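Please take a moment to look over the sequence and the fold that follow.

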Amino acid sequence: MPLKRQRSTLANMRNYIYVITVLFVQLLSPNSFASYSYSEQLIKEYKKLIEEKYVLLPHRGTYVLPVNWNDNPNNQFYEGVFEDNQRGDFVRPFEAEVQVSFSMLTSKNIFKTPWHAFVGYTNHSWWQVYNSDWSKPFRETNYIPEFYIRRVFDEPIRVLGTDIIAYDFGIVHESNGQIQELSRSWNRLYLRGTFVIGSFSLSPKFWYRIPDKGDKDDNPTIQDYMGYGELRISYEAGENQYSLLLRKGKKDYGAAEFTYSYPFANNLRFYMKAIHGYGASLQDFDNETRSLALGFSIEDLLATGESKETAVGSQ
């Protein structure tokens, strides 16, 4: 990428992150730091979710986005693989995006401690459904199984105006299921906490990449782009739900992901997602994504009874 264009792109990314951050600050109400009741509400909803074992619970989000526009599709990934130039680019700007994600409580109070054990699974696909020239292929699917233990405090721990309500330890594998040149995968150990400030929930997550053996590393530079952690900020204003995910890699690599949802019908929510940066998928970890997607979230369908997704239960 030319240096001038690269500087312009990085400047746009900084502006994007700044604007979204200002949006969250503006959403603060005068009573925003009176957070104790909101913290207790999250803990109560979480405990309701885990009343029974072996029930599907919300995890990383479940949604169907029929319209996903990316103005920088990554065709370099397939160079040398598909040589049929008569059919045009294999990856087109318009596509659909589908994610199914759930977790399951497997054990309560393990070894007579306050910790609960969970397994989780996420299937995240990008579908070139509008690309008839290439028979509408699924261009990528990321498979993400994980195991983690979680402790949620019976009452929030208040420190400097911030409520600490939960933290996790876990291990996660992420792979695109491909082989040889197209293979992308990595394994991580992670620590994640959940904090509440006013009507905001903050979930910082830090990870350590488990090194691959010998020269079998499919993507040795992935941590340069994905960094060593991320921060998710969530906010609810009535029936409106907002979230902002920030991630910083080495140099000027990083990413910002903003989502918004609003009730549509029954358990469906209108869902919007905007991404600017690196790491939108394993295939695109080193490709700058600039995308906007629209569709519906169906997260509540994975909860039992009248339970709904909480900031503690989401990833």
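**Charged pairs and nonpolar cores**

Glu-95 forms a salt bridge with Arg-139, and their closest N and O atoms lie 2.7 Å apart; a salt bridge here is a side-chain nitrogen of Lys or Arg within 4 Å of a carboxyl oxygen of Asp or Glu. Because Glu-95 sits in strand β3 (residues 94-107) and Arg-139 in strand β5, this pair ties together parts that are 44 residues apart in sequence. Helices (H or I, at least four residues) and strands (E, at least two) are DSSP runs, numbered from the N terminus. Both Glu-95 and Arg-139 are buried, where buried means under 20% relative accessible area, exposed means over 50%, and partly exposed lies in between (1.4 Å probe, protein chains only).

This is a predicted model, in which local features need pLDDT of at least 70 and side-chain atom pairs count only at pLDDT 80 or more, while totals for chains, interfaces and linings use all residues. Residues are numbered from 1 along each chain as its sequence is written, and side-chain values use heavy atoms, with hydrogens and water left out.

The structure holds 17 salt bridges. Another of them joins Asp-168 to Arg-192, with the closest N and O atoms 2.8 Å apart; Asp-168 belongs to strand β6 and Arg-192 to strand β7, so that the pair links distant parts of the chain, 24 residues apart. Asp-168 and Arg-192 are both buried. The side chains of Glu-230 and Arg-247 also meet in a salt bridge (3.4 Å, N to O), and since Glu-230 lies in strand β9 (residues 229-237) and Arg-247 in strand β10 (residues 240-248), the pair ties together parts that are 17 residues apart in sequence. Glu-230 and Arg-247 are likewise buried. Through shared partners, salt bridges join Glu-95, Arg-139, Glu-140 and Asp-284 into one network.

In soluble globular proteins, nonpolar side chains tend to be buried together. A nonpolar core is a set of buried Ala, Val, Leu, Ile, Met, Phe, Trp, Tyr and Cys residues joined through side-chain atoms within 4.5 Å. The largest such core in this model has 26 residues, and those with the most contacts inside it are Ile-50, Phe-118, Ile-165, Trp-186 and Ile-222. Two or more residues of this core come from each of α2 (36-49), β5 (138-159), β6 (162-175), β7 (185-197) and α3 (222-226), and α2 gives the most, with five residues. Apart from this core lies another, of seven residues, among them Ile-233, Tyr-242, Phe-258 and Tyr-260.
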